[in-house]
Amino acid sequence: EVCAVGHLHRHIMQAVTSTGALQEEGRVDVSFQNVSGHFFIDFLGGLTNIYKNLTNIVVRVKTQSSLVSRCALLVSSHFDSTFGSPAAADANSEIAIMVEMLRLFVNDPPPIDIIFNFNGGEEMLLQAAHGFITTHSWASQICAVINLESAG
């Protein structure tokens, strides 16, 4: 996850800084979220899934509207892969789509805020996604979700 986070962060920053959006007052926020937690899964008699130090890279593109957006669209996918996998097909195409969507929306802001969650730990039962939705300060502002991975 360490190499993937660094590589992905470079591509995200290229997408954002190519337009100067970071220099504009608060139009784009990039957040690293390190999550730890646990949750119960009622499966095969039940089990508790515990996770520690997983990473989400969360980017918020704010609307140019003079109105404060109280509702945000979440676009999410994961960058981790199963153990022993080269990760060539699992969610890499979805991550590439998200980076390009980010580039487009930074250049042409949408009518509502868009939050991009590039999450880790999906292959081990959605751990980083759980960490995002239960602890990130932007999670309470989400009104709709586009999930580019079937389980994340």
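Modeller: Start with His-78, whose bridge partner in strand 4 is Asn-119. That bridge is one of seven between strand 3 and strand 4, which pair in the parallel sense. Two strands count as paired if DSSP finds at least two bridges between them. Strands and helices here are DSSP runs, numbered from the N terminus: a helix is H or I with at least four residues, a strand is E with at least two.

Be clear about what you are looking at. This is a predicted model, where local features need pLDDT of at least 70 and side-chain atom pairs need pLDDT 80 or more, while totals for chains, interfaces and linings use all residues. Residues are numbered from 1 along each chain as its sequence is written, and side-chain values use heavy atoms, with hydrogens and water left out.

Five strands form an open sheet in the order 1-2-4-3-5, with mixed pairing. Strand 1 and strand 5 are at the edges, each with a single partner strand, so one side of each has no neighbour in the sheet. On average, neighbouring strands are turned by 25° against each other, direction ignored. Axes are lines fitted to C-alpha atoms, for helices over the stretch in contact, and angles between N-to-C directions run from 0 to 180 degrees.

Strand 1 and strand 2 run antiparallel and are joined by 13 bridges. Gln-33 stands opposite Asn-56 in strand 2. The hairpin of these two strands has five residues between them, and Leu-44 there takes a positive phi near 50°. Remember the general rule: strands of a sheet pair through backbone hydrogen bonds, either parallel or antiparallel.

What lies across the strands? Helix 3 covers residues 127-135, and its buried residues are Gln-127, Ala-128, Ala-129, Gly-131 and Phe-132. Buried means under 20% relative accessible area, exposed means over 50%, and partly exposed lies in between (1.4 Å probe, protein chains only). The buried residues of helix 3 pack against strands that include strand 3 (72-78) and strand 4 (113-119). Contact means heavy atoms within 4.5 Å.

Look at Gln-127 again. Its side chain makes a polar contact of 2.5 Å with that of Asn-49. A polar contact is a pair of N or O atoms within 3.5 Å; within protein, one must be able to donate a hydrogen and the other to accept it, and residues adjacent in sequence count only if both atoms are side-chain atoms. Asn-49 lies in strand 2. Asn-49 is buried, at 6% relative accessible area. Leaving out residues up to four places away in sequence, Asn-49 also touches others, including Phe-39 and Met-124.

Next, the charged pairs. A search of the whole structure finds three salt bridges. A salt bridge is a side-chain nitrogen of Lys or Arg within 4 Å of a carboxyl oxygen of Asp or Glu. One joins Asp-113 and Arg-60, with the closest N and O atoms 2.9 Å apart. This pair links distant parts of the chain: Asp-113 is in strand 4 and Arg-60 in strand 2, 53 residues apart. Asp-113 is buried at 5%, and Arg-60 is buried at 4%.

Lys-62 and Asp-29 form another, with the closest N and O atoms 3.2 Å apart. Lys-62 is in the loop between strand 2 and strand 3 and Asp-29 is in strand 1, so the pair ties together parts 33 residues apart in sequence. Lys-62 is partly exposed at 28%, and Asp-29 is partly exposed at 25%.

Glu-100 and Arg-103 also meet in a salt bridge (3.0 Å, N to O). They are three residues apart in helix 2 (residues 92-107), about one helical turn.

Finish with the cysteines. Cys-71 is joined to Cys-143 by a disulfide, S to S 2.0 Å. Cys-71 is in the loop between strand 2 and strand 3 and Cys-143 is in strand 5, so the pair ties together parts 72 residues apart in sequence. A disulfide is a pair of cysteine sulfur atoms within 2.5 Å. By that rule the count is one. Cys-71 is partly exposed, at 27% relative accessibility.
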